[in-house]
Amino acid sequence: MDKDTLIGVIGSGAMGSGIAQIAATAGHKVVLHDANADALDKSKAGHEKILNRLVEKGKIDQEKCDQTLSNLNYVESLDEFNESELIIEAIIEDLTVKKKLFSELEKKVNSTCILASNTSSLSIASIAAACGNSKRVLGLHFFNPAPLMPLVEVIPAIQTDVKILQDAKSLVDGWGKTSVIAKDTPGFIVNRVARPFYGEAIRIYEEGFADISTIDWAMKEIGEFKMGPFELMDFIGNDINYTVTETVFKEFFYDPRYKPSFTQKRYMEAGLLGRKSGKGYYDYSEGAVNPEPNKDEDIGHDIVMRIVLMLINEAAEALFLNIASKEDIDMAMTKGVNYPKGLLKWADEIGIHDVLEGLEFLHHEYGEDRYRPSVLLRQMDRKQLKFYE
Ligand SMILES: NC(=O)c1ccc[n+]([C@@H]2O[C@H](COP(=O)([O-])OP(=O)(O)OC[C@H]3O[C@@H](n4cnc5c(N)ncnc54)[C@H](O)[C@@H]3O)[C@@H](O)[C@H]2O)c1
């Protein structure tokens, strides 16, 4: 597939608009459709604004802006997708609605067209099963905002043809993205491995070990994360973040590792959604004064170690269960959620024995399955192995 490949995008919300912009910028003709005509108009206006702003900032010239805009075609009917070679669906996160769309779409497109879903949490196998030819279906999971975030998780379903996987992956790589291959399991790589970043931070707060601003301070100053967990939850939205956690928990057949927290549920129920509602864990109203962190280095170190150990445990378990390669797991967390370093590399730096000991302490102290160390860490410790030699 080259630049002449016609790309289709369905759903012109936050993700679909971003994905269409990426493909159009890479030189493809793009057809973009949304069931809601207003959403399509909004997307068109958004593209014009964003691309013109890039010209003003000197990031692209006027010719590139005009070319990219002329590559974007906003269409009212799925009939316009008959010449597309790759279609990426980014509609509402609802399995029934997605399956209906894929089954309708298959009747309108040519037999070689690849069908991809940008779903964050649904099974690609079940979406693919809606198609007569399920071999052509896969997941292409972009991150928000899609034009800026480099990572794309490429997810083959059990039905997906290997050639389709390779073609889609090399096309996305050609768009300047960093792609990683992930197994079709809940949360793929990033939304699975990142769960303790939020969950363990909330747990530390619930126990009263430290307050919100202290936990955020520790994770930024000592852990070197770009944002603290509570700042990030406020940024994502407590409703969205809670729903992802709850979905991952249910999809993992209620594994206690992924158990959501009452704190975040109550924040969501109270409408304290974060930045978008003006208040979440922090107050974003004008002139608001938020609490100062307790900058105690020892407390800060304990906070960072507990959250990082839990993150490493998730990354190790994902590797143990062949969700992705060690390189892809580390790449996904640095490129998809800007972690300061890959978690498996981090484990080597701390030392596998110390990581395991830290997790065993938590497991023993709390007696909760949530803290059980990954078998892989035990095996590696026994054989004195590292993730990277
Ligand atoms: N927002 C994120 O951070 C993010 C990140 C990665 C993946 N995703 C996934 O991407 C998908 C879209 O998310 P979003 O945040 O862009 O949602 P959004 O609500 O911003 O946009 C969804 C769009 O789909 C349209 N739509 C709904 N049903 C449709 C149908 N049957 N046919 C055509 N259009 C339809 C809606 O009118 C809306 O404009 C979801 O599957 C979501 O899980 C979201």
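What follows is a conversation about a predicted model of one protein.

Guide: Residues are numbered from 1 along each chain as its sequence is written. The model is predicted, so local features need pLDDT of at least 70 and side-chain atom pairs count only at pLDDT 80 or more, while totals for chains, interfaces and linings use all residues.

Visitor: How many helices and strands are there in the protein?

Guide: The protein has 17 helices and eight strands. Both are DSSP runs numbered from the N terminus: helices are H or I with at least four residues, strands are E with at least two.

Visitor: Why is the protein called as compact as a globular protein of that length?

Guide: The globule rule is 2.2 Å times the number of residues to the power 0.38, and the radius of gyration is taken over C-alpha atoms. For 389 residues the rule gives 21 Å; the radius of gyration is 22 Å, close to that, so the description holds.

Visitor: Which residues of helix H14 are buried?

Guide: A residue is buried if 20 or more other C-beta atoms, placed from the backbone, lie within 10 Å of its own; it is exposed at 12 or fewer and partly exposed in between. In H14 (residues 326–336), Asp328, Ile329, Asp330, Ala332, Met333, Lys335 and Gly336 are buried. Buried residues make up 46% of the 389 residues in the protein.

Visitor: What covers the buried residues of H14?

Guide: The cover includes strands E7 (151–156) and E8 (178–181), and helices H7 (190–193), H13 (297–320) and H15 (343–350). Contact here requires C-beta atoms, placed from the backbone, within 7 Å.

Visitor: Which residues come nearest to the ligand?

Guide: Of the 23 residues around the ligand, Gly11, Gly13, Met15, Ala39 and Asn144 come nearest. To count as near, a residue needs its C-beta atom, placed from the backbone, within 6 Å of the molecule. Helix H1 (14–25) gives the most to this shell, with three residues.

Visitor: How many residues of the shell around the ligand are nonpolar, polar and charged?

Guide: Ala, Val, Leu, Ile, Met, Phe, Trp, Tyr, Cys and Pro count as nonpolar, Asp, Glu, Lys and Arg as charged, and the others, Gly among them, as polar. The shell divides into twelve nonpolar, nine polar and two charged.

Visitor: What are the domains of the protein?

Guide: They are domain 1 (7–181) and domain 2 (192–383), with bounds from an automatic or database domain assignment. Their centres, taken over C-alpha atoms, are separated by 30 Å. The contact takes ten residues from domain 1 and ten residues from domain 2. On the domain 1 side, E8 gives the most, with three residues.

Key. Contact = placed C-beta atoms within 7 Å.
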